[in-house]
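Dear colleague,

I am handing over the structure below, and my notes on one helix and on the disulfides follow it.

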Amino acid sequence: LVYPGTGGFLKTLRILRAFRPLRVISRNENLKVVVQTMFASMPDLLTLIFVTSFFLLIFALFFVSFLSGKLYQCEAPAYLGDEGVKMSLDLNEFATPLCLGTNATHQACPHGRYLVSELADSRQKVEWIDESLTCQQSLQNSYCPHSSPDLTVPWKRPTWDTPICIGRCNPTVQEEDSETWKSRAWLCEANFKSVEELPSACKGANSEPYLASMTAEEQRGRTFVEQMTRELVMPCGGTTAASTAVSCRQAFCPEEASAAKKAECKENCERHPHFCWETCSADAGSTSCKACRSECEAQCQCSDFCEPLIKDAALCYEQGGKWVPMLSQNFNNIFNSLLTLFEIMSTEGWVDVMYAASDSTGYYLQPQRDAALGMAPFFVVYIFLSFMFLLNLSVGVIVDKFMDLKAQGKSLMLTSAQQKWLMSKKKLFARSTFFNLTNLHRLPPHRRQAYDLISNKHFESAIMAAIIVNTVFMMLKVFPLPTTWWEIVLEATDGIFAFVFTVEFGLKFFALRASYWRDPWNRFDFLCVAVSLFGLILRLVPSLESIGAITSIIRIFRIGRLFRFFEGLNKIFMALVLSIPKLANVLGILLLLLVLFSILGVSLFSTAKPSETLNEHGNFKNIIVAFITLFRASTGEAWNEIMHDLSKSPEDFWRQGTWCAPEDIFDPQDPATWQVLNSKCLIDNPNSCTPYREVHIAVLYWVTYTLIITYMVMNLVVAVILEGYEDGKPDLETEVIDRCIATWKQYDQDQKMILDFPLAVRFINEVVSAVLDNHDDQQDEASRALRKSRTSCLGEDLGSVKMKYAHVWQNVQLTPQGEVSFVQAVKQVLRITVALYDVSADGELVNGLRVEVVKEIKYTDYTLEKGVLGIVTQVVADGDALVHWDNIGEKCLARKHFDRIASLPLHKLFVDMDNLGNKVDKRELDRLEKREKAKTQRIHASRSDSRSSSTTSVFDHIQMDLRTMMCVVKIQREFREKWQRRLDNAEPREL
C-alpha cells in the first residue's frame, strides 16, 4: 500500500485505524453469535466461491473472445446538431479529407463537408463535397470550432484501415525523461509540482479580473491542464502529406528510433490483425499498403504519445467527435471481464451491458441496433446461472448453516415429544390473559349486554369493514381536486368514521373497564381515536389546520388491525414481529460493518474528484454521507458506477476534458496545504485523484464490501426473516390453545374459569377430537393409524377410558370441590395432543414428559421414603410425576386392599396419588418394603466394585411404591364397569 506519492507509511497506518470498531465484537456476546455464524458458513461459502469463480472464468474468457474492444461508440460534437458524424454505414469505406497545420499544436479540420439528399424511395444519399477546393475555401463553407488560417495543408488517409493518430501528452513518460522534455514545455508542460499550481475552483475563477491577477504558479498549472486535455488529430507518420505538415511522431518523438524498435514495429504492423489488414490482404506490394504500414510503423515508434484509430473510430475524430466507451464496463481483458461479470451478477446494469453487446459490430466500428442480437441469450443464461442459481445458493448455504446452529442450540437431553411439551407449556403460560373479562355472571345487566355485543363476531366484522372503507376514502385524496365539493365529502366521512370508532371505544371501555388496557390493540385503537378527535378539533382553528392534517398519518396505521382479522396477513405480520428481536444482532453487526467501511471510505476517498455517480448524493466527504452511500449500495443501487468513478486515472479525466490533482500534493492534513486549498475552494470542492490506483484500491474496496455486506450479512437477514416466518406459522400448540379458548366459552358462558370434572372431561375430549380431525389430512397413513390407536385413552367420560391409559389423567389437578380450572384443562389437552402426535413414542401416552434415563429404575429399590421424588421433578423442571412403565413387576398386593383402593372417590385417587401408600395396609407395605430393600442391597453389593459406596443414585429412592401403582392400574381395569356405574349416579361434589 506504500509507494512513492501516497504520503508514506504513516498515511497508510492512519487508514488502518479504521478497523478499530471491530473490537466491539469481542465485547458483545450477541455480535459474537452473528460473527460465529458467518465464520461457520465460511467453509461452505469458500467452496461456493471457488465454483462461482470457475464459472465466472469460463464466461469471462468467452466474452473476452467475442467482445474485446467492441464496446465503443462515437460521441458527436454538439455543434454538428442532429446530423452528427457520418460513418462507414453512410460513406462506404471512407477516409475524411483533412486540412493540417504547419505547427504541432494546430488542430486539424475536415476538408470539405458532406451533403445529404433524399432519394425517391425515402432513403438518404450522403456524399462528400468541396474536397476540390483549397483548405481556406473549404473552411469558409463549413464550421470547424478550431479553424485557423494556418490550416493550409490538405491530407487524406490512403485507405480507411490506415491509422490516424491522436496526439496526447503523457506526464508519466515526461517525468522519466525530464531533461529532454524541459525544452518541449511549449508542447507538453510538466506535471503539477506544488499545491499552488492547482487551478482555482471558486466561482469567477475564469473571469478576466481573476485571470489577470492569478499567480505564475497557477498560470503554469492552467497551461498544464490545457495541454493534458488537448487531443491533436494528425497523421502518424505523414508519408503521403506535404513536407510542411507535422506528424505525431515528428511532434512528440523527433528522435530517431533504434534499429531494434524499428524492426519490432515493422514486424508488428505486418502481423497486425486490424491495421492495414484489408488493404494489404488484396495486394501487399501496392502503394496503398506500403503507405498504410508506414503510418502504422510511425505510430508504433511513438506509442506513448500517439493513439492509432481506423475505420469509424478514425472518421469520428476526423469530423470532430470522440471515440469513447459505451459503458463503464468492458471486456477488453480478463480482469475487466471478470469484474464486469461480477457487477452484473448483482443485476446492477446487466441490461445495459447486454444491449451494448447486442449492438456491437466489430473493432473500430460504430455500433448498430441489434447487429449482434445473438449475444443476448448468453447474458440471459449467465444471469440465470449466476444470480438466480449461485447467489441464491449462497443464500441457501447461509440459511442452512443458521438453522443448523439454531438446532444445535436445542437441548440434547430432550426428545422431540419433550421439546413439544415444553414449548406447549411455554406458549400456554406466555399468554397474560385468555379472556378479556371473567365472571360475567357478576356483571350488571347493561354491562353484560355491552360485553356480549363487543364479543360478537359480527360486531368485529363491522368494525373491520369500517376500517377498510375509511382507508379507501383516505386514498381518494388527490391533487388537484376534481370538484369543489370533493374535499367537503372527504372531511365529512372523516367525521363519520371518527364517530364510529369513538362509539366502539366507548362500548369496549364501558364493558371491559380496566381490562380494556390489557390488549395492545385496544391501546392502539384508543390512540387512533384520540388523535382523530384531536385532529378534528385542530381543523376548526385555521392557523393549526396543517397540524391537524398530520394527525391523519397515525390513523392510517389503524388498518393494521386487519392483520388479526385475516389469517394470511397475520402470518406475515407475525413473521415481522417475531423477526424484529432476532434481527437486532444481525443489524448490530451490519451497523458495525457499515461504520467500519464508512470510516475506511472517508480515509481513502474523501478528497476524490466527483464524477457522474460520485456526486453530491453519493460520496465519502464525511462519515454521515459515506454511511448513507454505503447503505444505498447495500441494496445494489449504482454501487458499481461509484466504483468506476473512484477507479478513474488522471488520463481518464484528461480525456473527458477535466483534471484531478495528484494525491501526493493534495493533502488537507497539512495546515499550510489546507490554507492554500481552502483559498482555491478545493476543500469544499475536492479534486484529488484516487490514491493507491496501482493496487486497484477502489475495486478491492467495493468487491469486498459487496461480498461481505450484500452477499453475506444481507443473507443472514434473510435467514432470520425466514426463521421468523416459520415461527409465525400457526403451530399445533397455538391452534390447541385458541381452540380451547373458543370451546371453553360454550361450556363456561359466564367465564368462571372452572368446570365440573365431567364437563371438563367432555371439554378435553371435544377439543382433542376437533384438533385431530383438523390435522388428519396432514398426516400420512402410518401416523393416522398410530394416532387412532392412541385415541383409546379418550372417551365420553373417564369411566370409558382403558385402564392401561388411566395414568394420563393422573396429572389433572382438581380443586377440593372436584372442579378443573381452565389452565389445567388446557394443559391436559396439550399433553394428550403432543403424545398423540409423537410418532417416535412406543404407543403409550407420556405422563407429562418421557425421560429415557428412567430405564435404570430396574436397578433401584422402591421405598416409601419422603422427599426424593421432588429431586426427580426438579431435573425436568416440571411439576408432573415422571413414571416410566418399562421393567416394572406385575406382582400386586392382597386382593383385600384392592377393594379399599377402588372404593376411594375418584378425585382422591387422582389428586392424592402420592399418598397412595397411606391408603393400604401398613403391615403389607412394610413387608414389601423389606423384601425390595433386601433385593436392592444385593444388587448394590454386586456393583460395589464399580461405584463408590458413598454415591447414591437419584432413583435409589422413590416417594411412592411404583409396584403398588401398577397394581392400582390392574384393579382399575378389573373394576372399570363398577366405576362407570358410580360415575353415572355420582353427585358433582363427589366427583
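In helix 21, the buried residues are Trp521, Asn522, Asp525, Cys528, Val529, Val531, Ser532, Gly535 and Leu538, where buried means under 20% relative accessible area, exposed over 50% and partly exposed in between (1.4 Å probe, protein chains only). This is a predicted model, in which local features need pLDDT of at least 70 and side-chain atom pairs count only at pLDDT 80 or more, while totals for chains, interfaces and linings use all residues. Residues are numbered from 1 along each chain as its sequence is written, and side-chain values use heavy atoms, with hydrogens and water left out.

Helix 21 (residues 520–539) has 20 residues and reaches 29 Å from its first C-alpha to its last, close to the 28 Å expected; the expected span is 1.5 Å times one less than the number of residues. Helices (H or I, at least four residues) and strands (E, at least two) are DSSP runs, numbered from the N terminus.

A search of the whole structure finds 13 disulfides, each a pair of cysteine sulfur atoms within 2.5 Å. One of them joins Cys74 and Cys316, with the sulfur atoms 2.0 Å apart, and the torsion about this S-S bond is about 80°, so the disulfide is right-handed. Because Cys74 lies in strand 1 (residues 72–75) and Cys316 in helix 13 (residues 311–318), the pair ties together parts that are 242 residues apart in sequence.

Another disulfide joins Cys248 to Cys306 (S to S 1.8 Å); its torsion is about -100°, so it is left-handed. Both Cys248 and Cys306 are buried.

Best regards
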